Amino acid sequence: MNQKMLFKLVNDLAMTVLMLIAMAYYITGNMIHEVVGVVVLVLFIVHNFLNRRWYKAILKGKHNIPRILQIGINLLFLVTMVLMMISAVLISSDLFPFIPINNDMTLRQIHVQTAYWGFIIMAVHIGLSWGMIINSVRRMTGITGTSHIRTIALRILAVLIVAYGVHSSIEGEMGYKLFIYNPFGWFNDDSTLRFLIDHLSIMGIYIAGTHYALKFIQRQEKKVVQKN
């Protein structure tokens, strides 16, 4: 694996973990939340700079169903992150207290709702690129051959992660957080580690679901091409 691809993977992994830490607001406190948020903003800018060629190629080439889905999700993720970051700066009380906002309730709602939706969209975004990520990890670790045992073990692990993710999603009332704004906040008594495990497993639902849905669509398109 070349150094640029490795840097991309490290940058994206760091951004994902830090976004989850930023979501643990009532565990970390406001100052850590804002500092982590600024780091996420920097990593997000780096992420888009490293992938700037993708934006130039949006209107080029063949636009099949997988590519249309990828473009739609990526642009939706971009818009969600931009709204979340702008609202974060405007309602900041520690790092940017000098920005005067008279009525910040609407901005707080925008920030919280886009954070939760951005979390889900980010997982779908990762799921769309999961095949590429796996191939990059294989090249980095030197794994070239196939193994039925390894494949079965990884699929069992994926099922367990999704199952726990569904449990965590229900227990953590993720559905309410996506559609209902709580001005008093969603309190959580879990540790930071438990919070990360729960939310990573919830991400696993959408990563796995998107990855296998994409593979199904690609197989169907391949069958159509072969018939024609």
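**Labels and their grounds**

Author: In this predicted model, Met140 is found in helix H7.

Reader: Why is Met140 called partly exposed?

Author: The relative accessible area of Met140 is 43%, and since the label applies between the 20% limit for buried and the 50% limit for exposed, Met140 is therefore partly exposed.

Reader: What makes the nonpolar surface patch, and which helices supply at least two residues each?

Author: Leu6, Val10, Val137 and Met140 make this patch, which covers about 310 Å², and at least two of its residues are supplied by each of helix H1 (3-23) and helix H7 (130-141).

Reader: How do you know whether Thr114 is buried or exposed?

Author: Thr114, which is found in helix H6 (residues 105-128), has a relative accessibility of 11%, and because buried means under 20%, Thr114 counts as buried.

Reader: What does Thr114 touch, leaving aside residues up to four places away in sequence?

Author: Thr114 touches Thr80, Leu83 and Met84 on that count, while a polar atom of the Thr114 side chain lies 2.5 Å from the backbone oxygen of Ile110.

Reader: What is the phi of Glu173, and where does Glu173 lie?

Author: Glu173 has a positive phi of about 55° although it is not a glycine, and it lies in the loop between helix H8 (148-171) and helix H9 (174-179). Most residues other than glycine have a negative phi.

Reader: Why is Glu173 not simply called buried or exposed?

Author: Its relative accessible area is 36%, which falls between 20% and 50%, so Glu173 is partly exposed.

Conventions:
Residues numbered from 1 in each chain as written. Predicted model: local features only at pLDDT ≥ 70, side-chain atom pairs only at ≥ 80, totals over all residues. Heavy atoms only, no water. Helix = DSSP H or I, 4+ residues; strand = E, 2+ residues; numbered from the N terminus. Buried < 20%, exposed > 50% of the residue type's maximum accessible area, 1.4 Å probe, protein only. Polar contact = N/O pair within 3.5 Å; in protein donor to acceptor, adjacent residues only side chain to side chain. Contact = heavy atoms within 4.5 Å. Patch = residues over 30% accessible without salt bridge, like charges linked within 9 Å, V, L, I, M, F, W, Y side chains within 5 Å. Areas by Shrake-Rupley, 256 points an atom, 1.4 Å probe, with all protein chains shown as cover. Salt bridge = Lys/Arg side-chain N within 4 Å of Asp/Glu carboxyl O.
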